[in-house]
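Trainee: Could you take me through the place where the ligand sits, one step at a time?

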Amino acid sequence: MTTKDKVLEKLVKNKGKHVSGEQLASELSVSRTAIWKHIKVLKDEGYMIDSSTHIGYSLNDTPDALTPGEIKAGLKTKVFGKDIKYFKETESTNIIAREIATSVNEGTIVIAELQTAGRGRLGHKWISPEGGIWLSIILKPGIEPVYAPRITLLAGVSVAKTMQDLGLPAKIKWPNDIIINGKKVSGILTEIGAEVDVIDYLIVGIGIDANVDTGAFPGEFRDYSTSLEKEVGHKINRVEFVQKLLEEFESLYMKFKEDGFSHILEEWRNMSATIGQWVKITAQARTIYGEAIGVDNEGALIVETAEGHLEKIVAGNCEHMRRT
Ligand code: BTN
């Protein structure tokens, strides 16, 4: 955490109250001039800070930004989000995460206000304007590559649960689209760096259309997308959402490491919008129609075709169809 982030953290904790430059300087073991310089940078970033010669500094208002100081203030996690790399704009948080993955600790987050080349599953692009939540978490679970999909399912459960806590009927469309009232509000792209028998690192990229005008998306995306703002009826507090998501994700991840995958799979099944649906699966060169009847221990979708065959789908695109 940089000194600037620490200054901000103290101001956020004392929001509306003055904290003297002397107190900040002594608590952070830097000079009062250094504190003054950090305050100036924070003001330039949009923080409304009142500076008064005798009583010190008081934070009156914060920009609507996902800065490390904002997220860390009051974050109740042990590992997730202890190190946050913040970008106002970047190509893709997954790209940055991949570049730094081997040199940072597990739980490091890369987060951006805007992505210029956001990446989706199956080589699709991911529209990432301001107002959304675009973040990547670096994990080092020490498991075999074949089990990586379990972490993606776990991430999907965390995102859906965080939305349910806002009172929204969020469900998971296989493998990891989060949908509300049939429209997509979030997607997850997991990428791994691995040896033959063990994962070195895993990057879980989560995109959430939080306060995003999905009505301005190009046609094919517009029809299938919604935003948290639209579903809740007002803008959501993105900082609080990210904090809750990190707390939920960490707690499930720790449970997974201690007790295994079965109860997470159980939760995934309970939140599934796909099981029981008639689906069209496009996987490599094949298209399969049938009823989604379950998900196995590795997260593969089990589909019963019209001819009565059971197909196990490990990866692919899934569309929910009307039963004819
Ligand atoms: C999908 O196609 O459903 C997955 C979308 C994943 C988007 C997120 S946004 C943060 C991270 N950075 C990226 O470029 N992609 C993921």
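This is a predicted model: local features need pLDDT of at least 70, side-chain atom pairs count only at pLDDT 80 or more; totals for chains, interfaces and linings use all residues.

Let's start with the shell around the ligand. It holds 19 residues, and the closest are S92, Q115, R119, R121 and K184. By type, the shell divides into 5 nonpolar, 10 polar and 4 charged residues.

Q115 places a polar side-chain atom 2.9 Å from a nitrogen atom of the ligand. R119 uses its backbone instead: one of its backbone N or O atoms lies 2.7 Å from a ligand oxygen atom. In K184, an N or O atom of the side chain is 2.7 Å from an oxygen atom of the ligand. Taken alone, the ligand exposes 420 Å², and the protein buries 98% of that.

Which elements give two or more residues to this shell? They are α5 (93–100), β5 (133–139), β8 (183–194) and β9 (199–208). β8 gives the most, with 4 residues.

Next, step back to the surrounding space. The ligand sits in the largest pocket, which has a volume of about 980 Å³. This pocket is lined by 39 residues, with K173, D177, K184, Y224 and N317 nearest its centre. Its lining divides into 14 nonpolar, 15 polar and 10 charged residues. Elements that each supply at least two lining residues include β7 (177–180), α7 (219–224) and β14 (317–321).

Methods: Residues are numbered from 1 along each chain as its sequence is written. Side-chain values use heavy atoms; hydrogens and water are left out. A residue is near a molecule or strand if one of its heavy atoms lies within 4 Å of it. A polar contact is a pair of N or O atoms within 3.5 Å; within protein, one must be able to donate a hydrogen and the other to accept it, and residues adjacent in sequence count only if both atoms are side-chain atoms. Accessible areas come from the Shrake-Rupley method with a 1.4 Å probe; for residues, only the protein chains shown count as cover. On a 1 Å grid over the protein atoms alone, a cavity is a set of points where a 1.4 Å probe fits but cannot get out, and a pocket is an open set with protein on both sides within 12 Å along at least five of seven lines; lining residues have an atom within 4 Å of a point. A molecule sits in a cavity or pocket if more than half of its atoms lie within 2 Å of its grid points. Ala, Val, Leu, Ile, Met, Phe, Trp, Tyr, Cys and Pro count as nonpolar, Asp, Glu, Lys and Arg as charged, and the others, Gly among them, as polar. Grid points are joined across faces, edges and corners, and a volume is the space filled by probe spheres set on the points.
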